[in-house]
Amino acid sequence: MTAMGKKNKRIVVKVGTSSLIYPNGQVNLRTIDRLAFTLATLSHQGYEMLLVSSGAIGVGLASLGLSKRPQEIARQQALASIGQTELMRIYSQRFLDYQSKVAQLLLTRDVLEYPVSQQHILNTITTLLNDSIIPIINENDPVSVDELDHHTTFSDNDELSAQVATKINADLLIVLSDIDAFYDKDPHKYPDAKAIRHVTHMTPELTQAASGSSTQFGTGGMVTKLRAAATIINAHQRMVLCNGRDPKIIFQILEGQQVGTIFGE
Ligand SMILES: Nc1ncnc2c1ncn2[C@@H]1O[C@H](COP(=O)(O)OP(=O)(O)O)[C@@H](O)[C@H]1O
Ligand SMILES: N[C@@H](CCC(=O)OP(=O)(O)O)C(=O)O
């Protein structure tokens, strides 16, 4: 079973905070550099590449030399606004080194759901892809709110990446995490956990196997990745979950090698 057929062209890559920030809070420039190299190379080969990148809050913490995420929402939103510009500065510079241009889209749930704004977002993405510019997407954290009467957040960027992948009709969503695959239980807690290589449909057992993040900076853990996978399976699309330590793993996936966990028929 491989993730890709020959016709696959439009690829969404999602990278989580745990791949972008070292456990000591420093920005992982090595991974960012390899990510830029990989996506730029594939874009030059004719693939349409999009990146959904977390890391605004993590980079914000690193910029201010803070080690712990604050509780207060306004502080988190301020950190995201500080970190987002720095994250994009790093991406722009690294992608330029590999002769690729990037663009930034910051989205909230409401603008992606409302038909008129959704169409504008899709038009922007299509125009960028036609010009071989790589859209880098994150949630617009400083304006996202999660209140009873006004809910504009995505639960997490895993869900945002699945929403984007379905709306732009992507051929594949690749979720890069700090773990090699989806396991029958959290391998950070249970050393005897076994990798599940292919999931064609969701079952209550699989949902139960997924638990939260056990890393300092990750947010949703496997719960949100499984939700994203369910969205992708329902849309008859495909998702691969794999380790983002070395983003060159994306080349292996596109060459048809079996890595990580494949979700979808
Ligand atoms: N069944 C499972 N299989 C794999 N990982 C799991 C599972 N349940 C929970 N996890 C945890 O989910 C983590 C990945 O999620 P997270 O820390 O949010 O990463 P990211 O920043 O990439 O989104 C893993 O490091 C692991 O500890
Ligand atoms: N929008 C937030 C990331 C939220 C998120 O989903 O994080 P992660 O679980 O690391 O993918 C940020 O840029 O810090």
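**Stop one: a listed residue**

Select S177: with 27 C-beta neighbours inside 10 Å, it counts as buried (buried means 20 or more other C-beta atoms within 10 Å of its own, with C-beta atoms placed from the backbone). This is a predicted model, where local features need pLDDT of at least 70, side-chain atom pairs count only at pLDDT 80 or more, and totals for chains, interfaces and linings use all residues. Residues are numbered from 1 along each chain as its sequence is written, while chains are lettered from A and ligands numbered from 1 in the order in which they are written.

S177 sits in strand β7, residues 172-177 (strands are DSSP runs of E, at least two residues; helices are runs of H or I, at least four; both are numbered from the N terminus). Leaving out residues up to four places away in sequence, S177 touches G16, S18, S19, K225, L241, N243 and G244; contact means C-beta atoms, placed from the backbone, within 7 Å.

Next, pick G220, in the loop between α8 (204-209) and α9 (221-234). G220 also counts as buried, with 22 C-beta neighbours inside 10 Å. The unreviewed UniProt entry lists S177 and G220 under "binding site", with K14 and K225 among the others; such annotations may be inferred rather than shown by experiment.

Now select ligand 2. Which residues are closest? Of the 17 residues surrounding ligand 2, they are T17, S54, A56, I57 and N157 (near means a C-beta atom, placed from the backbone, within 6 Å).

Technical notes: A residue is buried if 20 or more other C-beta atoms lie within 10 Å of its own, exposed if 12 or fewer, and partly exposed in between; C-beta atoms are placed from the backbone. Two residues are in contact if their C-beta atoms, placed from the backbone, lie within 7 Å.
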